[in-house]
Amino acid sequence: MPALPTLQLDPDLARFVTGGVSINAGSASAAGVPSLCRAFGCRVEPGTDRITLFFSPPQAADLIRDATASGALAVVFSEPPTHRTVQIKGQNARLIPLAEGDLACVTAYRTAFAQSLVFLGFTEAMVRTLLDCPDEALVALTFTPSAFFNSTPGAQAGTALIPALAPPLAPGAP
Amino acid sequence: MIPIRALRDCLDGVIPGVVSTCAPDGTPNVAYMSQGQYLDDRHLALSYQFFNRTHQNLLANPRVTLGLIHPQTAQQYRVHLTYQRTETEGPIFESMKAKLAGIASHTGMTGVFRLLGSDIYRLERAEVVPGSTLPAPPPAVDPLLALRTCMERLPTSPDAESLLDALLDGLQTHFAIEHALVMMLDPRRDRLYTVASRGYATSGVGSEIPVGDGVIGVAARERVPIRISHVTSEYAYGLAMREGAERQGMGDRLETEIPFPGLASPGSQLAVPIPGAREPLGVLFVESPTEMRFTHADEDALVALATQVGGLFRLFLAELELGDEAQSGIPREPPPAGPPLRVRHYAANDSVFLGDDYLIKGVAGNILWTLLQDHQTLGRTQFSNRELRADPRVRLPDQSDNLEARLVLLHRRLAERQACVQLEKTGRGRFRLLVGRPLSLEDMDAGV
């Protein structure tokens, strides 16, 4: 894929992606077979252009293999009660050691996502089971964002959130 | 490979699936999927609602990875698919369209979610995503056991009417389905008419809906089961009854004379066609005030039941041909006493009124009018299904017409109205006309 300019998240977007939202990341093999995995939280380093996601390695084996080989990652963040959905496309994906505060970030994420879904009628046990992973097994995958897209269902879905900096719609837009 | 049942549960659930695709230049894309439908063990369909990046990608690279979550156990699955084609009409499309309307309504997306097509995928591989799970709650009803128990009773029914009773009783007793009805197809008029129901304030026997209308009408037209977990007004039926409607030159204004008996605020509905030799014989319809009440396994069971009911119905129709002729030589019964009741027949739609009360129309109306004419002029009270089938006055649409269902309708309607005219079964394919008071027959527009 072509090299794209990297972007920083504005405070509102940073708050959104690190809140109680559903996070799913995708990549693809060199043969074009897509991979997919749910993440257990997101950290945005203030003042940097990097976003870090947390995964269970057995669940994310294909995704990590593909993303670290190509560097390409697409991540969808969606807030179930409002359907507000943002897709971030990125590059330079690589595994990094967990930093101080990352486990607390995952713990806070589980609580925030559970609250968001319990509000919709799901049980907390259901959400916590979905997000269950031993702390010592968690891995961190970091990448640099290159485009943000509004993916909220509707006519505006697929529009670039920062048109001036985003690449042209094709290829790679949601 | 994951069990098909688990895959179907995931597709039925309210947790949206996630779709990962890849552009020709290698750029990945992740999107939410509103609705998926299990087709068979090698295929499934996903809703296509917007021409978005997902759709552009799969036209260039048909490989798709779909992430699913089991709604009860939280077990995650990943299904690897290859896009094959998009259907924009037909049974799969119509079934998904009806469901999507429900999902849209449930999620506040009415007007946003619109089905452009059903994307058909081949299932390449499915994997269980390692992770924690919850124990699956035991189902309230074991559909396979309920099906077996229900099916055992159906073939012991001696006629169509008791078959329908056995079916609806069985659904109530063994499936805990409290609201159900059976509608039969009138192929000449492209309408379905209610012949039996359970669980409603009024039976609605005789009420009609056009083929293609609502979940029942679409199920009949497309010959496909339609199961909706979140019912929306888009597929609901008008329940209003036109009190005191102008009855002259009625046309189709009598459509609403007998109100459809459906629930005012249904949560879940399931309509299953009753298969016939060519077009469906009718539709079995169940509903519940509870959302997500009917599972894929319930659908399986009701399809099996409807198939058996269809087979038995066709057997009854074949037996009619062998039915006894009406016995002649039965002494003419003494005419009833009392003031005569005016009975009107309108040839335009074969509607029959007892006094001022609308009773029935269509072929069932013609049957009654024929019986009453013979009773009046010949004093006859004994009739056979077989002779009615051959009688040109009845004007059956064709020889394969479901006369049996029309007699069920007429019998029930007369019984419900506690009319002074009743039908009483006297043997296989034979019945007796009971007339409780003198009648004065008036053909209102015989020349039409």
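A salt bridge here is a side-chain nitrogen of Lys or Arg within 4 Å of a carboxyl oxygen of Asp or Glu. The legends below describe a predicted model, in which local features need pLDDT of at least 70 and side-chain atom pairs count only at pLDDT 80 or more, while totals for chains, interfaces and linings use all residues. Residues are numbered from 1 along each chain as its sequence is written, chains are lettered from A and ligands numbered from 1 in the order in which they are written, and side-chain values use heavy atoms, with hydrogens and water left out.

**View 1. The salt bridge between Arg43(A) and Glu45(A).** The closest N and O atoms of this pair are 2.2 Å apart. Arg43(A) is buried, at a relative accessible area of 15%, and Glu45(A) is partly exposed, at 36%. Buried means under 20% relative accessible area, exposed over 50%, and partly exposed in between (1.4 Å probe, protein chains only). Over all chains, the structure holds 33 salt bridges.

**View 2. Arg227(B) paired with Asp12(B).** The closest N and O atoms lie 2.8 Å apart. The pair links distant parts of the chain, with Arg227(B) in strand E11 (residues 226-228) and Asp12(B) in helix H1 (residues 4-12) of chain B, 215 residues apart. Helices (H or I, at least four residues) and strands (E, at least two) are DSSP runs numbered from the N terminus. Arg227(B) is buried at 2% relative accessibility; Asp12(B) is partly exposed at 22%.

**View 3. A network of salt bridges around Arg412(B) and Asp165(B).** Glu161(B), Asp169(B) and Arg198(B) are also linked in this network. Between Arg412(B) and Asp165(B), the closest N and O atoms are 2.7 Å apart. Arg412(B) sits in helix H10 (residues 403-416) and Asp165(B) in helix H5 (residues 160-175) of chain B, 247 residues apart. Arg412(B) is buried, with a relative accessible area of 13%, whereas Asp165(B) is partly exposed, with 24%.

**View 4. The largest nonpolar core, with 66 residues.** Such a core is a set of buried Ala, Val, Leu, Ile, Met, Phe, Trp, Tyr and Cys residues joined through side-chain atoms within 4.5 Å. Leu171(B), Phe175(B), Val182(B), Met184(B), Phe313(B) and Ile367(B) touch the most other members. At least three residues come from each of domain 2 (143-234 + 253-320) and domain 3 (341-443) of chain B, the bounds being from an automatic or database domain assignment. Not counting residues up to four places away in sequence, the residues that Phe175(B) touches include Val141(B), Leu147(B), Cys150(B), Arg293(B) and Leu305(B); contact means heavy atoms within 4.5 Å.

**View 5. The contact between chain B and chain A.** It takes 42 residues from chain B and 41 residues from chain A. The two chains bury about 3200 Å² between them, 63% of it on carbon and sulfur atoms. Buried area is the accessible area (1.4 Å probe) that two parts lose on being put together, summed over both. Val30(B), Tyr32(B) and Arg53(B) supply 19% of the area that chain B buries against chain A, more than any other three residues. The count of salt bridges between these chains is 0.

**View 6. Confidence along chain B.** The mean pLDDT, the predictor's confidence in each residue from 0 to 100, is 86 for chain B, and 88% of the residues score at least 70. Over residues 238-251 of chain B the pLDDT is below 50. Where pLDDT is low, the predicted coordinates should not be read in detail.
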